[in-house]
Amino acid sequence: MTLSPSRSLACRAEGARVQEFAQANSCSAKVIQTQEVVEDPVLWLADTNSNAADDRLKSYADALRLHWPLTTRELDTYKYQLRLSYAQKWAEQKWQGQGVEEFAQDPVGNSWLQRYDLLPASRYIDAIKLRTNTYPTRALMKIIDGRVDSSCRKCQGSSETLGHILGRCRYTKDKRISRHNEIKDLLKARLAKNHQVMDEPQITVRGQSGRESRHRATSAAAPE
């Protein structure tokens, strides 16, 4: 088909626009000849990009041994099964797998993982290490290098595990009490809005509360 000079120039202009769009989007575009009419070059280019995207997705599906095309429901099912398989492999780890199954059933306890604004970045990373038992305690470092002394660097009385640091070491006792009281006060403030709340009375004897006295007596009676 022979085009008029004005139509030929219009096609050239459309072709140049398609080429510029293709270069900006890192894709190939068919050169529009003066003797060939493309009704809508932009739609044609979009169709070309769509085909390229389909080819890429199909290659990914082939690599994952999935049939193509996938429905949205099938893709969601596969992603869920993939997460379960990763969680299972994680739970099978001797050290890092401890607590995985329990935390997997605790959406409330895991909610902070998606709240990046709750902690500074460095604290958030440390919290992830604590949750995954990858924080460099001496007990963990001894697994990596048997020459490392696994004794607690503070009390020297037990192996420096996360459980010891967070729940048993006498050097972190004040922090544990402070953490407990902070959570207790938070719950008290929330409950007091609609309920009557009473604090457990503390009796001080010789400058020590009854709770502290019981703790010291228990520690003294405990075998080494």
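Me: Which helices each supply at least two residues of the lining of the largest pocket?
Reply: Bearing in mind that this is a predicted model, the helices that each give at least two residues to that lining are helix 5, helix 6 (138–144), helix 7 (162–167) and helix 8 (173–191).

Me: What volume does the largest pocket have, and which lining residues are closest to its centre?
Reply: The volume of the largest pocket is about 1500 Å³. Its lining is made of 36 residues, and those closest to the centre are Asp126, Leu130, Leu162, Leu166 and Arg179.

Me: How do the residues of that lining divide into nonpolar, polar and charged?
Reply: The lining of the largest pocket has 20 nonpolar residues, with eight polar and eight charged ones making up the rest.

Me: How much space lies in the second largest pocket?
Reply: The second largest pocket holds about 720 Å³ of space. It is lined by 22 residues, of which Ala87, Trp90, Phe103, Ala104 and Asn110 are the closest to its centre.

Me: Which elements give two or more residues to that lining, and which has the largest share?
Reply: Two or more residues come from each of helix 3 (72–91), helix 4 and helix 5, and the largest share, eight residues, belongs to helix 3. By class, the lining of this second largest pocket consists of twelve nonpolar, six polar and four charged residues.

Me: Switching to helix 5, which of its residues are buried?
Reply: In helix 5, which runs over residues 121–131, the buried residues are Tyr124, Ala127 and Arg131. They lie on the same side of helix 5, because the arc they cover around the axis is only 60°.

Me: What covers them?
Reply: Helix 4 (100–104) is included in what covers the buried residues of helix 5.

Me: And what follows helix 5?
Reply: Helix 5 is followed by Asn133, which sits in the loop between helix 5 and helix 6. Asn133 is not a glycine, yet its phi is positive, at about 55°, and with a relative accessible area of 15% the residue is buried.

Me: What about Gln156, where is it and what is its phi?
Reply: Gln156 is placed in the loop between helix 6 and helix 7, and it has a positive phi of about 60° although it, too, is not a glycine.

Me: Where does Lys142 lie, and what is it in contact with?
Reply: Lys142 lies in helix 6 and counts as partly exposed, at 35% relative accessibility. Leaving aside neighbours within four places in sequence, Lys142 is in contact with Val148 and Ser150.

Me: How far apart are Lys142 and Glu160?
Reply: Lys142 and Glu160 are 18 residues apart in sequence, and the distance between them in space is 10.0 Å, C-alpha to C-alpha.

Me: Zooming out, what is the overall pattern along the sequence?
Reply: Read along the sequence, the protein follows α-α-α-α-α-α-α-α-β-β-α, with nine helices and two strands in it.

Me: And how many residues count as buried, as a percentage, and what share of the contacts comes from residues 24 or more positions apart?
Reply: Of the 224 residues of the protein, 16% count as buried. Among contacts in the protein with a separation of 6 or more, 22% are accounted for by residues 24 or more positions apart.

Note on methods. Residues are numbered from 1 along each chain as its sequence is written. This is a predicted model: local features need pLDDT of at least 70, side-chain atom pairs count only at pLDDT 80 or more; totals for chains, interfaces and linings use all residues. Side-chain values use heavy atoms; hydrogens and water are left out. Buried means under 20% relative accessible area, exposed over 50%, partly exposed in between (1.4 Å probe, protein chains only). Helices (H or I, at least four residues) and strands (E, at least two) are DSSP runs, numbered from the N terminus. The arc is that of the directions from the helix axis to the C-beta atoms. Contact means heavy atoms within 4.5 Å. On a 1 Å grid over the protein atoms alone, a cavity is a set of points where a 1.4 Å probe fits but cannot get out, and a pocket is an open set with protein on both sides within 12 Å along at least five of seven lines; lining residues have an atom within 4 Å of a point. Grid points are joined across faces, edges and corners, and a volume is the space filled by probe spheres set on the points. Ala, Val, Leu, Ile, Met, Phe, Trp, Tyr, Cys and Pro count as nonpolar, Asp, Glu, Lys and Arg as charged, and the others, Gly among them, as polar.
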